[in-house]
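Visitor: Please pick one packing site and take me through it closely. Then set it in its surroundings. Keep it brisk, and give me the cut-offs as you go.

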Amino acid sequence: MSSSTDIESQTSTDNADNNAFSELLPDLVNQTLPKHVAIIMDGNGRWAQLKGKPRVLGHRAGVKAVRRAVSTARELGIQSLTLFAFSSENWRRPDHEVTLLMQLFFTVLSREIKLLDQNGVRLNIIGDTSRFSDRLQQQIQIAEQKTANNDKLILNVAANYGGRWDILQAAQKLAQKVEAGEINSSQFTEQALCEQLSMQNQPEVDLMIRTGGDCRISNFILWQAAYAELVFLDLLWPEFDKAAFLSAVEVFSSRQRRFGLTGSQIEQLRTPV
């Protein structure tokens, strides 16, 4: 049974979290450009099949769409772009397709890193990379180190990533701290958990885009996208271009983000244009 001291401590922590969020509200309400965009890049295989081509050619065509997305995000001044490249569930795909995807991932890392570096893009791979080959893990490390000081755009690539895995690994890290006596259970807060998640030093996701026609988030950044605006497109990923990106941003700008408040309260927080 919780003691009154524990309850008071938790209440104090909750109040602090609420006050901090309230201070951010005016900026969030008046935000017209997303700081952090996440994209579920769906439809590569179907795009290729519709053209009578092997699925792997769709994934290669998808690389060109990635280049366009990165270029547009940088041009708009977006701070972070997160791309769902390979989920923890994608290992269930046919072995030959997984092998080809791993080879493509390595090739793209090798070829694209110079261009990313020249354009001030910092590459950040999120997910459990321990399942990848030593060769691929080494290439990831090289790419991240080469771009570590860039500040024009953070490009997060989710590889062997799952939203539930991310929350679980964060909770496990905090549990280990509790077991070691470094923190007590009352310090196991939302903020403490956030600090253990992937992308902990980046803005939360404002806009999540999914191509391919499906309307689900498929275990992608569950925590970080809690208040994201969702935009679902019928376009297959290789068809995603600058116009599609700008259209999704326009949808984001047109929506009223309420964060639990009423529409009237939000309007009172809006700064007159």
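**Where α4 meets α5**

Guide: Start with two helices, α4 and α5 (residues 134-146), whose axes come within 10 Å and cross at roughly 15°. Axes here are lines fitted to C-alpha atoms, for helices over the stretch in contact, and angles run from 0 to 180 degrees between N-to-C directions. Helices (H or I, at least four residues) and strands (E, at least two) are DSSP runs, numbered from the N terminus.

Some ground rules. This is a predicted model, in which local features need pLDDT of at least 70 and side-chain atom pairs count only at pLDDT 80 or more, while totals for chains, interfaces and linings use all residues. Numbering starts from 1 along each chain as its sequence is written, and side-chain values use heavy atoms, without hydrogens or water.

Back to the pair. The two helices α4 and α5 are roughly parallel to each other. The classes are these: under 35 degrees is roughly parallel, over 145 roughly antiparallel, 65 to 115 roughly perpendicular, and the rest oblique. The crossing of α4 and α5 is left-handed. A crossing is called left-handed if the near helix is turned anticlockwise from the far one by less than a right angle, and right-handed if clockwise.

Now the side chains. From α4 come M102, F105, F106, L109, S110, I113 and D117. From α5 come R135, L136, Q139, I140, A143 and K146. Contact means heavy atoms within 4.5 Å. By class, this contact between α4 and α5 has eight nonpolar, two polar and three charged residues. Ala, Val, Leu, Ile, Met, Phe, Trp, Tyr, Cys and Pro count as nonpolar; Asp, Glu, Lys and Arg as charged; the others, Gly among them, as polar.

Helix α4 also holds Q118. Q118 is exposed, with a relative accessible area of 56%. The cut-offs, with a 1.4 Å probe and protein chains only, are under 20% relative accessible area for buried, over 50% for exposed, and partly exposed in between. Q118 and T147 are 29 residues apart in sequence, and their C-alpha atoms are 9.1 Å apart in space.

Now move from α4 to the core. The largest nonpolar core has 42 residues, and I39, L81, F105, L155, F240 and F245 touch the most other members. Such a core is a set of buried Ala, Val, Leu, Ile, Met, Phe, Trp, Tyr and Cys residues joined through side-chain atoms within 4.5 Å. Helix α4 (residues 95-118) gives the most to this core, with eight residues. F105 is one of the core members named above, and F105 also meets α5. A second, separate core has 13 residues, among them I126, A158, F220 and A228. In soluble globular proteins, nonpolar side chains tend to be buried together.

L81 deserves a look. Leaving out residues up to four places away in sequence, L81 touches H36, V37, I39, A69, V70, A73, L153, I154, L155, N156 and F245.

Helix α3 (residues 55-76) and helix α8 (residues 242-254) pack at an angle of about 50°, with their axes 9 Å apart. That makes α3 oblique to α8. Their crossing is right-handed. On α3, the contact uses A69, T72, A73, E75 and L76; on α8, it uses K242, F245, L246 and V249. By class, that is six nonpolar, one polar and two charged residues.

F86 is found in β2 and is buried, with a relative accessible area of 4%. Apart from neighbours within four places in sequence, F86 is in contact with W91, V98, L101, M102, A158, A159, N160 and Y161. M102 is also one of the α4 residues that meet α5. F86 and A158 are 72 residues apart along the chain, yet their C-alpha atoms are separated by 6.4 Å. Beyond residues up to four places away, S87 touches N160 and Y161.

The protein has nine helices and six strands. Of its 273 residues, 44% count as buried. Among contacts with a separation of 6 or more, 76% join residues 24 or more positions apart.
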